[in-house]
Amino acid sequence: MSAKIGLGVVAFAGMVLLALPSVVVLSWIGGAEDRLAIEEGQAAAAPAVATAAAANESYCTPDLQRVLRRVLQSCGLVGEGGAGGRGCQPVQARQVATMRGSDFNALFIPMAERAGIIQFDRDSAELDPEDQRLIEQVFAERGGASWFFVVSRASPEGSVEHNRELSRERAEAVMGHLQRTFQDPELDRQVGLLWLGEEYAQLEADFCDWRRSGGPGACRPADLNRSAFVAWIECRL
Amino acid sequence: MPTRVSIGSVRPHPWTILVLAGAFAGCAFALVSTADFAAHLDRQVHGIHCSFLPGVGTPDVSGATGCHVTLMSPYSSVLRQAVWGGVPVSLPAISVFGFIGFWALALALLGWQHDRRATAFLVLATLVPVLTSASMGFISFVTLGAACKLCIGIYVSSLLVFVGALGLWLRSLGDRRRGASQMGGTSVRSRAPDAHAKHAEPASLVALAGAFAFGVSVTLVPALVYGAAAPDYSDYVGTCGTLDQPEAPADVLIAIGPQQASVTAIEVLDPLCPACRGFEDRLDASGLHERVSRQAVLFPLDDQCNWMIDEAIHPGACTVSEAMLCAGERAEEVLAWAFEEQERIREAAAAEPGAARSMVAERFPELAGCVGSPTARARLNRALRWAVANELPVLTPQLYVDGVRVCDADTDLGLDYTLRRLLDRAEAGTLRPEAP
């Protein structure tokens with residue numbers, strides 16, 4: 001092979017070396033732009049990334065949604081035309097629920113794992129450390145729930161009026177503790193208070209197995225109803 | 001001047017063959033690496049080849065390989081603020097190896113395998129990939145903690161071409177000494193240079209200067225072509241949505257980085273998310289973090305606290321997020337630790353749900369009482385609720401500059417390009433149109 005041929009081969013290789021990477025680069029870039037155009041054409045049909053949303057559990061039945069919506073509206077949490085202040089009184093609760101007390105309680109059965117029953121001493125709305133601990137524990141287990149319900153009651157001892165007032169004080173004691181502990185400006189839009197006195201939806205012994213702040217012995221119906229039932233509700237309205 | 005030699009005289013020396021083989025391998029590794037990089041110019045997620053056999057095997061889509069870490073790192077390309085994704089450093093590597101192969105071929109064809117100057121030039125040329133490989137290898141293994149098989153292929157190829165070139169040059173020095181001895185009448189028996197070499201003209205300085213200029217051109221031209229032809233994605237900047245409720249509760253915001261800039265940003269992050277760590281590295285390397293006062297909102301992809309996912313993607317992330325909220329001004333310290341220990345924490349938490357809490361308590365004993373407390377859990381829940389209020393996508397990281405979202409496709413390779421433009425517009429007050 002002559003040196004001229006060798007030189008020619010080298011020159012040819014040089015030209016290839018000079019041109020080929022650029023050609024490849026242009027091919028890559030052109031291919032990427034083509035793929036992007038195709039992708040954008042298909043983007044509308046493609047499933048989007050999941051969007052952050054509140055939870056909506058299976059227990060959120062139409063019945064519960066209906067009650068919840070009425071309670072929240074009537075108790076001043078959502079919408080307009082509420083009761084003119086925070087919370088619902090027993091009469092209102094019965095009216096908005098439009099169901100028997102036992103059916104009302106049954107709506108909460110699926111929340112057994114995450115609800116709590118704060119048990120008060122007789123004729124008292126004071127929270128002891130165990131009550132406070134349980135309130136904080138239940139409140140911290142919010143997950144994707146939107147609404148925190150405090151449903152307070154009183155045992156039948158005493159007058160109806162007194163028990164109505166006592167259950168209101170109990171609900172507000174829970175609310176006050178939440179405000180002091182968590183200092184969450186959203187609380188007013190999250191917490192629904194219902195005080196039922198002795199008049200509506202009294203708890204039965206079925207609730208003995210739930211998380212309670214009272215001791216194992218404090219499980220008579222009277223003990224269970226000197227209480228505030230607390231739970232987050234995972235329902236999208 | 002001899003101009004003719006027999007074809008049998010063009011015999012590549014074993015050292016030359018070694019250089020050619022190394023250059024070919026280096027080219028192949030760099031080509032696959034650059035192709036993987038360039039594939040991302042379509043703004044989509046792609047698998048990345050990561051094999052000691054370049055281009056062989058199924059591209060990895062998990063993002064867990066060293067090749068992925070390296071490719072997505074701020075060191076994989078240059079000029080990132082000017083060109084979307086930057087110009088990949090592996091592109092010049094193709095040209096450099098190509099030139100080395102070309103020069104080795106020229107040595108064989110032009111009879112310069114015994115030429116001291118021509119072979120010395122080859123040694124100098126091979127120093128380029130060797131020194132680059134040494135520095136990139138240090139970055140890869142030490143800074144990034146990643147073993148990228150394609151990169152290792154390039155490092156080994158660099159070593160091969162250097163060893164081959166060095167061998168060829170040393171041999172040419174030996175030939176020269178033997179030639180001098182023979183001219184002095186000493187009857188030293190040695191292998192004579194091949195017939196072509198005996199008659200070839202030595203490489204002139206002009207020829208070497210021309211080769212140098214050619215080498216520089218070969219290296220620069222593809223990079224310039226890439227830079228000039230790369231897609232202009234500036235139209236995408238600021239088109240991926242805005243925050244409906246940019247005001248987050250103060251107690252869920254965590255200041256990250258310098259806070260002197262007038263432009264504010266919210267970063268949605270998960271302390272155990274590898275993409276968030278890579279994002280942080282890229283942001284730091286870009287220098288653009290100095291131009292924005294950034295606050296993090298935690299969004300752990302862990303079903304212990306995040307109801308929006310079915311199973312924990314990053315086990316332990318809820319606990320570490322609570323630790324960051326509990327840490328107050330030391331939150332960045334917790335984040336740095338979490339980024340450093342991500343894999344270990346995730347693995348431990350996947351095996352034993354309480355492990356993350358123990359690890360936090362061991363590293364930050366002062367936070368042990370706070371992590372897991374109702375108040376810490378409620379604060380973290382508020383952060384998640386903020387994501388719900390803004391209907392954010394369930395993914396991390398996300399960055400919102402003055403409430404305007406950086407597109408997902410721009411949070412990795414295109415971050416510098418996009419963020420610089422967003423910040424320019426935010427500083428000029430033109431990022432968000434005023435409400436009528």
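Predicted model: local features only at pLDDT ≥ 70, side-chain atom pairs only at ≥ 80, totals over all residues.
**View 1. Helix α5(A) lies across strands of the chain A sheet.** Angles run from 0 to 180 degrees between N-to-C directions, and axes are lines fitted to C-alpha atoms, for helices over the stretch in contact. Helices (H or I, at least four residues) and strands (E, at least two) are DSSP runs, numbered from the N terminus. Helix α6(A) lies across β1, β2, β3 and β4 of chain A, at about 160 degrees to β3(A). Residues are numbered from 1 along each chain as its sequence is written, and chains are lettered from A and ligands numbered from 1 in the order in which they are written. Local features need pLDDT of at least 70, side-chain atom pairs count only at pLDDT 80 or more, and totals for chains, interfaces and linings use all residues.

**View 2. Four strands build the open sheet of chain A, with mixed pairing.** The order is β1-β4-β2-β3. Two strands pair if DSSP finds at least two bridges between them. β1 (116-119) and β3 (191-195) of chain A stand at the edges, each with a single partner strand, so one side of each has no neighbour in the sheet. From one strand to the next, the twist averages 20 degrees. β1(A) and β4 (residues 227-233) of chain A run antiparallel, joined by 4 bridges. Here A:Gln119 stands opposite A:Ser227.

**View 3. Chain A touches chain B.** 39 residues of chain A are in contact with 46 residues of chain B. Contact means that the C-beta atoms of two residues, placed from the backbone, lie within 7 Å. On the chain A side, α1 (3-42), α5 (129-140) and α6 (160-182) each give two or more residues. The largest share, 20 residues, comes from α1(A). By class, this side has 24 nonpolar, 9 polar and 6 charged residues. Ala, Val, Leu, Ile, Met, Phe, Trp, Tyr, Cys and Pro count as nonpolar, Asp, Glu, Lys and Arg as charged, and the others, Gly among them, as polar.

**View 4. Helix α1(A) packs with α3(B).** The axes of α1(A) and α3 (residues 90-109) of chain B are 10 Å apart, at an angle of about 175 degrees. The two helices are therefore roughly antiparallel (over 145 degrees). Among the residues that meet are A:Val9, A:Ala13 and A:Leu17 from α1(A), with B:Phe99, B:Phe102 and B:Leu105 from α3(B). The contact has 11 nonpolar, 4 polar and no charged residues.

**View 5. Helices α9(B) and α13(B) cross.** The axes of α9 (residues 317-327) and α13 (residues 374-389) of chain B come within 9 Å and cross at roughly 100 degrees. These helices are therefore roughly perpendicular (65 to 115 degrees). Residues that meet include B:Cys318 and B:Leu325 in α9(B), and B:Arg377 and B:Leu380 in α13(B).

**View 6. Helix α11(B) has a buried side and an exposed face.** The buried residues of α11 (residues 342-351) of chain B are B:Gln342, B:Ile345, B:Arg346 and B:Ala349. They cover an arc of only 95 degrees around the axis, which puts them on the same side of the helix. The arc is that of the directions from the helix axis to the C-beta atoms. The face turned away carries the exposed residues B:Glu343, B:Arg344 and B:Ala351. Buried means that 20 or more other C-beta atoms lie within 10 Å of a residue's own, exposed 12 or fewer, with C-beta atoms placed from the backbone.

How values were computed:
Parallel < 35°, antiparallel > 145°, perpendicular 65-115°, else oblique.
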